[in-house]
Amino acid sequence: MMSLSITSPSGTTSFTSKINISKSSFNGIRIPKITLARAPNASVSSLVVKMSKREEELKEIRTKSTEELQEEIVDLKGELFMLRLQRSARNEFKSSEFLRMRKRIARMLTVKRERELEEGINKRISRKLDKKWKKSIVPRPPPSLIKLREEEAAEEAKEST
């Protein structure tokens, strides 16, 4: 076993490594695999914060009814579409919003599927229900576009007076 210590201004971080030589039928040169494992004294506070935020978001999603989830999924997909339009038009946008929205949509769809499984709805029926639901969606502008239009209308009203 090999150990390595790195000194930084914030403290000392130590790594331990194990050299594993894999057994195979290959008769050539064997390259040992070195796996690094963090020492137990390393901090993991940022990981804990991320997990707690995720858990809070899941609790919030689970408190909503299925209809509210479907409404919010439609709104988020509209927002995602608006972000794609902004990107294609080379306007300013936050690229991190893509990942955040996609993950939020995925979490909502997961909760929706969990509820279907609790009700005993199998995969085949679930897909039929999804097709019906998608056909029943009435196209409407996403909330950000509605807000933008309201702000523009307010500015025009302010200028006209």
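Begin by selecting helix H2, residues 66-88, together with helix H3, residues 96-119, in this predicted model. Their axes lie 10 Å apart, and the two helices pack at an angle of about 155°. Angles over 145 degrees count as roughly antiparallel, which means that H2 is roughly antiparallel to H3. The crossing of this pair, H2 and H3, is left-handed.

Next, display the side chains where H2 and H3 meet. On H2, the residues in contact include Leu69, Ile73, Leu76, Leu80 and Leu83, as well as Glu72, Lys77 and Arg84. On H3, the partners include Phe98, Met101, Ile105, Met108 and Leu109, along with Glu97, Arg104 and Lys112. Colouring the contact of H2 with H3 by residue class gives 11 nonpolar, 2 polar and 10 charged residues.

H3 contributes Lys112, Arg113 and Glu116, while H4 contributes Lys123, Ser126, Asp130 and Trp133. By class, the contact of H3 with H4 holds 1 nonpolar, 1 polar and 5 charged residues.

Finally, centre the view on Lys112 and Trp133. What sits over the ring of Trp133? The charged end of Lys112 does, 4.2 Å from the centre of that ring. Lys112 also belongs to the H3 side of the contact with H2. A search for aromatic pairs gives a count of 0.

Methods
Residues are numbered from 1 along each chain as its sequence is written. This is a predicted model: local features need pLDDT of at least 70, side-chain atom pairs count only at pLDDT 80 or more; totals for chains, interfaces and linings use all residues. Side-chain values use heavy atoms; hydrogens and water are left out. Axes are lines fitted to C-alpha atoms, for helices over the stretch in contact, and angles run from 0 to 180 degrees between N-to-C directions. Helices (H or I, at least four residues) and strands (E, at least two) are DSSP runs, numbered from the N terminus. Angles under 35 degrees count as roughly parallel, over 145 as roughly antiparallel, 65 to 115 as roughly perpendicular and the rest as oblique. A crossing is left-handed if the near helix is turned anticlockwise from the far one by less than a right angle, and right-handed if clockwise. Contact means heavy atoms within 4.5 Å. Ala, Val, Leu, Ile, Met, Phe, Trp, Tyr, Cys and Pro count as nonpolar, Asp, Glu, Lys and Arg as charged, and the others, Gly among them, as polar. Rings of Phe, Tyr and Trp (its six-membered ring) pair if their centres lie within 6.5 Å; planes under 30 degrees apart count as stacked, over 60 as edge-to-face and the rest as tilted. A charge sits over a ring if NZ of Lys or CZ of Arg is within 6 Å of the ring centre and within 35 degrees of the ring normal.
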